[in-house]
Amino acid sequence: MKQGFIKTAAGTPKIKVADCIHNADQAIALIREMEHQKAKIMVLPELCITGYTCGDLFWQDRLLYSAKEQLLRIVRDTADVNALIFIGLPIEADGKLYNAAAAFSQGKILGMVPKTHIPSYREFYEGRHFASGPETARWLEINGEQIPFGTNQLFRCSSVPGLAVAAEICEDLWAPNPPSVSHALAGATVIVNLSASDEETGKDEYRSGLVTSQAARLICGYLYATAGEGESTTDLVFGGHNLISENGKLLAEAERFKNETVYADIDIQRLISERRKMTTYPAQSGHGYYVSDFSLTVEETKLDRYFDPQPFVPSRKEDRDKRCDEILNIQTMGLKKRLEHTNCKNAVIGISGGLDSTLALLVTARAFDILGKDRKEITAVTMPCFGTTDRTYQNACELTRCLGAELREIDIKEAVTLHLRDIGHDIEVHDVTYENAQARERTQVLMNVANQAGGMVIGTGDLSELALGWATYNGDHMSMYGVNASVPKTLVRHLVKYFADTCQDEKLSGILLDVLDTPVSPELLPPKDGMISQKTEDLVGPYELHDFYLYYMLRVGFSPAKIYRIAQKAFQGLYDTETIKKWLIIFYRRFFSQQFKRSCLPDGPKIGSVAVSPRGDWRMPSDACVRIWMDELEQL
């Protein structure tokens, strides 16, 4: 439960219809199994103690008495379990029968939540036996104890900040206005659903869609436990299709017809953060809700959930290709609009033979095609200097020719040498002045070439470089439109690869693949034996780590300790803990110290949920202090 993670479980015991004693035995065994897996929120199905398919046996006093008796046994026999548990049973109140969820923890019944929407259509005839439950909680006596009974209840954990659980039952989710809506607005971060949804062809997809969409709409964790094997098959079959979702992401799904228990780690902190950032999500108001507090012994949850080491890149090729095509279209349409609006006759790009400038040139060619403009009006400028290698130079030239753009070569060695002499800098001292003089000279050349041609300079820098400040201020940092500004480095590679795979031009594909195989480098230091001597990732660290840090810092707002913890899991076997910590420290230092570069970025299209434009997603003072983040990093 530390750092907001809490392990949850949704399971289906194999029951016998109307045999409450057997069903209680199975429920207790399942709870013990969930306890062994360290689950802290456990959900069992609707009417689990009796079975959902009892029919008119629900009118039998003996069944109702046995159900209540066995609930008390389950509560008593699991009193040592450190969890909040929900189980379904029929309960009588005020002369009516209700389909209810009992919530209990450590030997105490906390509340009874009745079903609101009672289906009596098609195969369902619950209205024959059950009444719709009241919203406002009132008191119900069970075994001499006064138990709150009503729909509007929250079960709040005093030992886990932000953890508040509410329940709805089966049809409640399928109704136009599910109770879970008001539960979430009252502060529930986890919704449990005790269900008995029968199987029909294709219904599983609809069901999982309902669960995930409700979790997304409410920004909550959603646990769905449904009836399975053991229910009567007179007319219906139940599949035990248990589901756990978090904010629209399906974390766990049971294989149907196997009564499989599913487990997932829900991140309460992340849910709270998402709600806090979304200005259209109302402030919580628990007016009219009865709140039952419970406490759990705080432990470090063993994380079972998967953390993708490349959160910006879909893992499935089909999804990745679709994402790449979408991003290329967003970049292209953004540039197309800017070219149209400014009536630019020409686009100017500094082409280095590296990934970023390659992607920018590809996007520009696409924009010109859509506009019906001749690609000859694209000027790709190669500006060899002290660090240029033959490999990158040749790739830059061949790529430009292959795309049909105009190639201009402007050697800047003499201009940079003269400038360094003018400012009294020894050309043999290869420091930041030596490097940045080249970057600024290249930008000056591009700007002036654009003025000559009546065009605009297309920026090539990507999101990862902007986050780290890996750009020369007023050098490659500046352009007239930055098409890559919100594309992370890990995604740039896939965009170029997608273009290589789909361009249907063998020569172009070969050039792109060689660009992909070239080490990332600014090429500002002289090569050694003709090879690149300055590799970016040796200096600032692996981009896959920095992109991971960037995603979880900006998109989710995680603390350094939490990012460190999940990075260890995501990159297990790839990087050791010291390496992860080393580059995480550097990430925070650079991110805070380089905000001044992000505060004056050129325009560029947003393509994903993480961006650093000062006009859009990220507004941060350039002199913000990193101290409290570094303090936490030092304690790791």
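Close-up 1. Isoleucine 244 stands opposite alanine 252 in β13, within a predicted model in which local features need pLDDT of at least 70, side-chain atom pairs count only at pLDDT 80 or more, and totals for chains, interfaces and linings use all residues. Residues are numbered from 1 along each chain as its sequence is written, and side-chain values use heavy atoms, with hydrogens and water left out. Strand β12 (residues 243-246) pairs with β13 in the antiparallel sense over 4 bridges; two strands pair if DSSP finds at least two bridges between them, and helices (H or I, at least four residues) and strands (E, at least two) are DSSP runs numbered from the N terminus. Helix α5 (residues 203-218) packs on the sheet and touches β11 (221-226), β12 and β13, its direction making about 30° with that of β12. Contact here means heavy atoms within 4.5 Å, and angles run from 0 to 180 degrees between N-to-C directions of axes, which are lines fitted to C-alpha atoms, for helices over the stretch in contact.

**Close-up 2. The open sheet of 7 strands.** The strand order is β13-β12-β11-β10-β9-β8-β15, with mixed pairing. The edge strands, β13 (249-253) and β15 (290-294), each pair on one side only.

Close-up 3. In strand β9 (residues 164-169), 6 of its 6 residues are buried, meaning under 20% relative accessible area with a 1.4 Å probe and protein chains only. Ala164, Ala166 and Glu168 point one way, whereas Val165, Ala167 and Ile169 point the other way. Strand β8 (residues 153-157) runs antiparallel to β9 and is joined to it by 2 bridges, with arginine 156 having alanine 164 as its bridge partner. Strand β10 (residues 190-195) pairs with β9 in the parallel sense over 5 bridges, and here isoleucine 169 has leucine 194 as its bridge partner.

**Close-up 4. Tyrosine 552 in the largest nonpolar core.** A nonpolar core is a set of buried Ala, Val, Leu, Ile, Met, Phe, Trp, Tyr and Cys residues joined through side-chain atoms within 4.5 Å. Of the 86 residues in the largest one, Leu335, Tyr549, Tyr552, Tyr588 and Phe591 touch the most other members. Not counting residues up to four places away in sequence, tyrosine 552 touches Arg270, Phe307, Gly557, Phe558, Ile563 and Ile566.

**Close-up 5. Helices α17 and α18.** The axes of α17 (residues 560-570) and α18 (residues 577-593) come within 10 Å and cross at roughly 140°. Pro560, Ile563, Tyr564, Ala567 and Gln568 in α17 meet Thr577, Ile580, Lys581, Leu584 and Tyr588 in α18.

Technical notes:
Buried < 20%, exposed > 50% of the residue type's maximum accessible area, 1.4 Å probe, protein only.
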